[in-house]
Amino acid sequence: MIIREATEDDWPLIHPFFAEIVAAGETYAYPDGLTSEQARALWVQPPPWRTVVAVDGEEVLGSAITGPNRPGRGSHVATASFMVAPAAQGRGVGRALGEHVLELARADGYRAVQFNAVVETNRAAVALWRSLGFSVLATVPEAFDHPEHGFVGLHVMHRPLAAPGR
């Protein structure tokens, strides 16, 4: 597996698992029924955002996006989103993407990474992010409508990348 910047040719390989994950309704608050172009506009954004893919040969196993969490005076903190193709889950793709994005954020000069909406019932993701040094800063109660569990919380998770101070 290698992780590289996504190209235009990757979107047709990302979209099927993007659509499957969104349709499952368990981890993303994206609206149902997005067209491929609407989904692409959410996932592939202009610089300073970056979209990467984890690939094994021609197969795209997963993808991540990263960029500034807020504009202007909040742009020193990155955010990111991750999707692993269901067929590739359990193979270390999420961890590899997470480690890669942390290195990108550090190299791009961000001081921290903040996830704004990690569904609390997504135990695998919460455990992965904790193992990579993230902590839960807060949980917004009942902020996500899960198809099985009903209204559940969304964690705000954070990991510093730089020492305090300027």
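## Terms and basis

A residue is called buried when its relative accessible area is under 20%, exposed when over 50%, and partly exposed in between (1.4 Å probe, protein chains only). Helices (H or I, at least four residues) and strands (E, at least two) are DSSP runs, numbered from the N terminus.

The model is predicted: local features need pLDDT of at least 70, side-chain atom pairs count only at pLDDT 80 or more, and totals for chains, interfaces and linings use all residues. Residues are numbered from 1 along each chain as its sequence is written, and side-chain values use heavy atoms, with hydrogens and water left out.

## Helix H2 and its cover

Helix H2 spans residues 36-43, and its residues Ala39, Arg40 and Trp43 are buried. Viewed down the axis of H2, the buried residues fall within an arc of 100° and so line one face of the helix; the arc is taken from the directions from the helix axis to the C-beta atoms. Their cover includes helix H1 (11-24) and strands E2 (50-56), E3 (59-68) and E4 (77-84).

Arginine 40, located in helix H2, has a relative accessible area of 18% and is therefore buried. Leaving aside residues up to four places away in sequence, arginine 40 touches Glu8 and Trp11, where contact means heavy atoms within 4.5 Å.

## Packing of H3 and H4

The axes of helix H3 (residues 93-107) and helix H4 (residues 123-131) come within 11 Å and cross at roughly 40°. Axes are lines fitted to C-alpha atoms, for helices over the stretch in contact, with angles from 0 to 180 degrees between N-to-C directions. H3 and H4 are therefore oblique to each other; angles under 35 degrees count as roughly parallel, over 145 as roughly antiparallel, 65 to 115 as roughly perpendicular and the rest as oblique.

The contact is formed by Gly94, Arg95 and Gly98 of H3 together with Leu128, Trp129 and Ser131 of H4.
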